[in-house]
Amino acid sequence: MNEELLFELLSDIDDAFILEAREELAVDTSAAKPSASKIRRIVIPVVIGIAALAIAFFGGKAIKTALDRRSGDQGKIINHSSGGTITHDVVSAEDAKIVYTVSVPTDRKVEVNGSFRPAFLRIRLDNIGDIPLLYENYFYLQHQEGEGWVDDFTFGDNTYSEKDRTLAPIDSITRHLEIPYDSIDLPAGKYRLLITIRRDDPSSSDAEKEYVVAAEFDYE
Amino acid sequence: MEDAAIVQLFWDRDEQALSAVAEKYGRFCTSIARNIVGSTEDAEECVNDAYLATWNSIPPKKPDILAPFLGRITRNLAINRYKLNHADKRGGGDLPLVLDELSEVIAGKEAADSELFRKELLLAINGFLASLPSEKRKIFVCRYFYADSIRDIASRMKMSENNVSVTLNRLKTALREKLLEGGHLS
């Protein structure tokens with residue numbers, strides 16, 4: 001724990017304290033209107049990008065030991081077909097069931113060395129089980145080399161506090177990870193993005209059990 | 001527009017939600033971001049990203065009060081931007097000073113860094129804040145959540161800057177003592 005982490009942790013103090021320190025929020029005053037061009041800059045992503053092949057597995061040995069903090073349970077992989085171009089695989093371990101997909105939208109791009117490339121990865125998590133789940137703030141990108149996977153980059157994203165990273169049963173969430181082209185190259189190929197998920201139930205004996213799930217996608 | 005109405009626009013996937021939230025909370029979010037990243041341009045980008053992040057999280061989230069929800073997202077995005085800029089030694093508003101002050105809370109002590117520990121530490125900090133008189137708590141939150149400058153806090157609280165600095169020093173000491181007593185620092 002250092003001062004930066006302490007500062008980050010303070011994002012999660014009680015809502016009441018946050019409000020109290022800004023008394024003007026209690027009065028319904030209008031904020032300065034931003035210009036229309038700034039509003040238009042917010043692109044509401046539409047999934048017209050590259051189809052994502054999502055494979056979510058639990059307990060795979062292929063995951064690097066640096067990520068391997070699971071308690072050891074091996075889950076069962078169930079394959080479902082959506083009938084469309086995206087295949088969802090369901091991770092099922094006891095009552096923890098999650099559908100995890102990654103896609104690469106092409107409707108928002110950034111200029112990189114004279115060419116336009118997708119600006120971010122879109123991640124979707126659907127908790128289709130019976131217990132609340134919490135996903136970690138880190139996403140591990142790997143690319144395929146031969147039969148194996150090689151570490152590429154770790155996305156550390158503190159946008160969401162712990163309470164906002166909790167998925168209740170039947171909850172789903174979409175996240176966007178900005179692709180840091182100044183740190184990674186990302187040539188065309190097959191990739192996967194791994195995340196760590198655990199039960200959000202401090203009273204459970206399995207509270208500290210972590211599950212690593214991965215979703216593969218093609219980047220072109 | 002009431003927060004409930006704005007949240008409903010998000011749920012209905014009505015893009016007017018973005019205009020509504022910008023109109024009501026644009027200045028609030030911008031001040032948070034600017035305090036952390038320093039530059040107006042970076043702050044505006046953070047705020048736009050915060051609106052997008054809000055669009056993507058409501059639903060399933062359904063906050064009763066938008067200000068803390070938005071403030072938290074904006075703050076976290078601004079922290080990320082600060083880290084990116086900081087690598088190139090750019091910008092930073094008052095944040096370097098704020099971090100320096102917070103380092104005194106944990107100076108010379110070790111603290112664990114696991115999810116469980118962070119939960120317990122947050123509980124202790126919330127307990128500490130709850131125990132404070134309102135005025136002192138506001139000063140603490142203004143400085144260490146909102147990263148307001150000493151001058152701005154003094155103006156907001158109608159105190160002298162020296163008074164604010166002395167109060168913050170005492171609060172840091174009190175927080176450190178509480179964390180030591182609770183075994184969060186060793």
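Predicted model: local features only at pLDDT ≥ 70, side-chain atom pairs only at ≥ 80, totals over all residues.
**Stop 1: chain A as a whole.** Select chain A and colour by secondary structure. Chain A has 220 residues, and 35% of them count as buried. Now think about how the chain folds back on itself. Take the contacts in chain A with a separation of 6 or more: 69% of them join residues 24 or more positions apart.

Stop 2: Zoom to residues 109-112, strand β4 of chain A, and residues 115-118, strand β5 of chain A. The two strands pair in the antiparallel sense, over 4 bridges. Select Val112(A) and look across: Ser115(A) in β5(A) stands opposite. The hairpin has 2 residues between its strands. Pick Asn113(A) there; its phi is positive, near 50°.

**Stop 3: where the chains meet.** Show both chains. Here 43 residues of chain A are in contact with 53 residues of chain B. Which elements of chain A supply at least two residues each to the side that touches chain B? Select α1 (3-9), α2 (15-20), α3 (36-41) and β10 (172-178) of chain A. The element that gives the most is α1(A), with 7 residues. Colour this side of chain A by residue type: 20 residues are nonpolar, 8 are polar and 15 are charged.

**Stop 4: a bent helix in chain B.** Select residues 16-37 of chain B, which form helix α2. Follow the helix to Tyr25(B), where it bends by about 70°. Is α2(B) mostly covered or uncovered? It is mostly covered, with 18 of its 22 residues buried. Step past the end of the helix to Gly38(B), which has a positive phi near 90°.

**Stop 5: the largest nonpolar core.** Stay with α2(B). The largest nonpolar core has 61 residues, and α2(B) gives the most to this core, with 12 residues. Chain B's domain 1 (3-87) and domain 2 (95-181) each contribute at least three residues to this core. Next, select Val21(B), Ala33(B), Ile36(B), Ala50(B), Ala78(B) and Val141(B), the members that touch the most other members.

Centre on Ala50(B). Leaving aside residues up to four places away in sequence, Ala50(B) touches Cys29(B), Leu70(B), Ile73(B), Thr74(B) and Leu77(B).

Key
Residues numbered from 1 in each chain as written. Chains lettered and ligands numbered in written order. Contact = placed C-beta atoms within 7 Å. Nonpolar A, V, L, I, M, F, W, Y, C, P; charged D, E, K, R; others polar. Bend = angle between axes of the 7 residues up to and from the residue. Buried ≥ 20, exposed ≤ 12 C-beta atoms within 10 Å, placed from the backbone. Core = buried A, V, L, I, M, F, W, Y, C linked by C-beta atoms within 7 Å. Domains from an automatic or database assignment. Pairing = 2+ DSSP bridges.
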